[in-house]
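The following exercises are to be worked through with the sequence and the structure side by side. Each task is followed by a solution in steps.

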Amino acid sequence: MSLSARKLKHINVCLEYPVQFSTKTTGFESLPWAYRALPELRLEDVQLETRFLGKTLKAPLLIGAMTGGADLAGTINKNLAIAAQALGLGLMLGSQRVMLEHESARASFSVRQYAPDVLLIGNLGVAQFKKGYDHNQAKKAIELIGADAIAFHTNPLQEALQIGGDTDFMGLIPILKQIVPKVQYPVMLKEVGHGLSGSVAKAVQNVGFAALDVAGAGGTSWAKVEDFAHHGKLLYPDLCEIGIPTLTALEQCHASLPTMPLMASGGIRSGLDIAKALTKGATVCATAMPLLEPATKSPEAVIEVLERMIYELRVALFVAGIPSVQPQLMQNA
Ligand SMILES: Cc1cc2nc3c(=O)[nH]c(=O)nc-3n(C[C@H](O)[C@H](O)[C@H](O)COP(=O)(O)O)c2cc1C
């Protein structure tokens with residue numbers, strides 16, 4: 001199957017099959033949230049603005065890395081980009097390997113024209129760095145789309161369940177240590193929904209990553225996406241539930257690397273999830289799956305979902321008496 005066809009298949013599987021974890025949750029639901037009946041605040045004065053990777057976001061939220069390559073992916077990316085620009089949020093794109101290998105796929109990633117001001121983050125899989133990619137491909141991926149930064153995704157479980165997946169992860173940390181400083185743009189490390197542990201965070205401490213996206217379990221299971229994509233059913237249901245819940249991944253990574261900027265993602269579904277993640281060490285959050293179906297329709301449909309999450313975040317802070325999302329205030333909340 002060509003790379004573009006596989007991307008389209010992933011989108012269709014995500015739209016049509018139950019690919020969320022079924023036995024595992026993020027953990028945020030069991031974290032209590034403070035309530036202060038006299039908050040000494042005005043709702044509209046709650047400050048949501050923050051900075052991440054050198055850019056200002058109007059709220060601590062990014063559109064998670066999804067797609068690119070197929071025609072439908074181009075429509076999705078355009079709608080996501082227009083929404084990110086309208087709301088002043090960040091936008092992460094899906095893996096750009098397809099556009100590096102096929103010039104015809106580039107247009108679907110070219111979203112700068114729709115989102116001139118947003119924090120735009122490109123994407124490549126770490127497994128490619130065992131197959132001949134180096135900093136030149138990473139720089140090219142960033143510069144071809146005018147991105148501000150790039151995320152490298154690490155996804156051993158997904159690759160193991162993908163027929164013909166790239167399953168050689170041997171010796172990647174020293175390779176990344178060579179490559180990351182030469183990219184000359186901020187590089188993040190992310191999982192795809194099965195989570196970065198505290199020991200992985202520690203292991204990449206000196207690689208030069210500008211931030212980590214814990215991308216934990218409790219939302220979309222990429223193992224399930226691959227399993228459904230190949231077999232139309234779950235052949236490996238137990239494997240599909242492997243992963244570190246997002247809250248646990250976040251707490252572990254923050255404990256391992258207290259000064260590393262962290263993104264919380266994987267099952268972020270409400271503004272209250274975002275508020276809770278910020279109290280546990282996240283600087284920003286990202287959400288992917290809830291935006292996929294709206295992005296097939298229009299920018300307005302994407303904006304509606306994101307505005308609801310941002311309003312929930314504002315109300316959560318208001319009723320807890322927290323005036324701003326600044327990390328010092330959130331982490332002492
Ligand atoms: C349709 C779709 C495509 C995705 N493609 C990529 C990708 O190319 N690169 C990547 O790093 N993550 C990719 N992801 C994973 C997401 O960025 C995210 O880590 C994961 O879906 C968990 O977040 P969620 O529970 O909010 O969906 C994709 C997710 C979706 C839904």
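**Exercise 1.** Which element gives the most to the shell around the ligand?

*Solution.* The model is a predicted one. Begin with the shell itself, in which 25 residues surround the ligand, the closest being Gly94, His153, Gly219, Thr220 and Met289. Of the elements, α1 gives the most, with three residues.

**Exercise 2.** Sort the shell around the ligand by residue class.

*Solution.* The shell divides into ten nonpolar residues, 14 polar ones and one charged residue, where Gly is counted among the polar residues.

**Exercise 3.** Are the residues on the two faces of strand β7 buried or exposed?

*Solution.* In a regular strand, side chains alternate between the two faces of the sheet. For β7 (residues 187–190), one side carries Val187 and Leu189 and the other Met188 and Lys190. A residue counts as buried if 20 or more other C-beta atoms lie within 10 Å of its own, and these four residues of β7 are all buried, which leaves both faces covered.

**Exercise 4.** Describe how β7 is connected to strands β6 and β8.

*Solution.* Strand β6 (residues 149–153) pairs with β7 in the parallel sense over four bridges, and leucine 189 of β7 is the bridge partner of phenylalanine 152. With strand β8 (residues 211–213), β7 again pairs in the parallel sense, here over three bridges, and the partner of lysine 190 in β8 is aspartate 213. Finally, β7, helix α7 (residues 198–203) and β8 together make a right-handed β-α-β unit.

Technical notes
Residues numbered from 1 in each chain as written. Predicted model: local features only at pLDDT ≥ 70, side-chain atom pairs only at ≥ 80, totals over all residues. Near = placed C-beta within 6 Å. Buried ≥ 20, exposed ≤ 12 C-beta atoms within 10 Å, placed from the backbone. Pairing = 2+ DSSP bridges. Right-handed = clockwise from strand over helix to strand, strands pointing away.
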